[in-house]
Amino acid sequence: MGYDAVVSTVASWYAEPLFWWFPVGSLVVSVVAFVLYATPLTWLAWADPAWARPYRLQHRPPREQQLVGASIGWWVVNNLCLAVVTVAAWPLLRRSGVHMGTLPSWWVVAGQVLGFVYLDDFLYYWFHRSMHGRWLYKR
């Protein structure tokens, strides 16, 4: 198989409609959902209204005004890294059995969502716990 044939084959993978629905669509939904969720909470932290001060968990004065710009920058960098990895992984993702056909029955979807929630919680717990170990935790 020549170089032109390989390039043509790989380019055809990225021209598939499923590429735009699955990895690109997932990235767009992720970004939009985060913005819709985080914007009101970020504004609340930035504005520091008097009525919300009794509910603050921290007793120190808010520093959100100093942190928002840097946080947005890191959010953009993280999303760009995620986009690069997702697009680069598309040749593997397309072989995972994902399709645009009919959905499985509701109990299969519910079971998969429940399984994902448990897996996510399990991984989050152990990653969080490992961050408090001596080899990663800075005092």
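This briefing describes the pockets, salt bridges and surface patch of one protein structure.

The structure is a predicted model, in which local features need pLDDT of at least 70 and side-chain atom pairs count only at pLDDT 80 or more, while totals for chains, interfaces and linings use all residues. Residues are numbered from 1 along each chain as its sequence is written, and side-chain values use heavy atoms, with hydrogens and water left out.

- The largest pocket holds about 520 Å³ of space, and of the 21 residues that line it, the closest to its centre are Ala38, Leu41, Thr42, Ala45 and Val68.
- A pocket here is an open set of points on a 1 Å grid over the protein atoms alone, where a 1.4 Å probe fits and protein lies on both sides within 12 Å along at least five of seven lines; lining residues have an atom within 4 Å of a point.
- A volume is the space filled by probe spheres set on the points, which are joined across faces, edges and corners.
- Helix H2 (17-47) and helix H3 (64-88) each supply at least two residues of the lining of the largest pocket, and H2 gives the most, with nine residues; helices are DSSP runs (H or I, at least four residues) numbered from the N terminus.
- By class, the lining of the largest pocket has 13 nonpolar, four polar and four charged residues, where Ala, Val, Leu, Ile, Met, Phe, Trp, Tyr, Cys and Pro count as nonpolar, Asp, Glu, Lys and Arg as charged, and the others, Gly among them, as polar.
- The second largest pocket has a volume of about 240 Å³, and its lining consists of His99, Thr102, Leu103, Pro104, Val109, Gln112, Val113 and Phe116, which divide into five nonpolar, three polar and no charged residues.

**Salt bridges**

- The count comes to two salt bridges, each being a side-chain nitrogen of Lys or Arg within 4 Å of a carboxyl oxygen of Asp or Glu.
- In one of them Arg94 pairs with Glu16, with the closest N and O atoms 2.7 Å apart; Arg94 lies in the loop between helix H4 (90-93) and H5 and Glu16 in the loop between helix H1 (3-15) and H2, so the pair ties together parts that are 78 residues apart in sequence.
- Arg94 counts as partly exposed at 25% relative accessibility, and Glu16 counts as partly exposed at 22%, where buried means under 20% relative accessible area, exposed over 50% and partly exposed in between (1.4 Å probe, protein chains only).
- Asp48 and Arg53 also meet through their side chains in a salt bridge (3.2 Å, N to O), in which Asp48 counts as buried at 12% relative accessibility, whereas Arg53 is partly exposed at 46%.
- Asp48 is found in the loop between H2 and H3, and this residue has a positive phi of about 50 degrees although it is not a glycine.

**Surface patch**

- Leu119, Phe122, Leu123, Tyr125, Trp126 and Phe127 form a nonpolar patch on the surface, with about 650 Å² of accessible area together.
- Patches are made of residues with over 30% relative accessible area and no salt bridge, with like charges joined within 9 Å and nonpolar side chains (Val, Leu, Ile, Met, Phe, Trp, Tyr) within 5 Å; accessible areas come from the Shrake-Rupley method with a 1.4 Å probe, and for residues only the protein chains shown count as cover.
- Phe122 lies in helix H5 (residues 106-131) and is partly exposed, with a relative accessible area of 49%.
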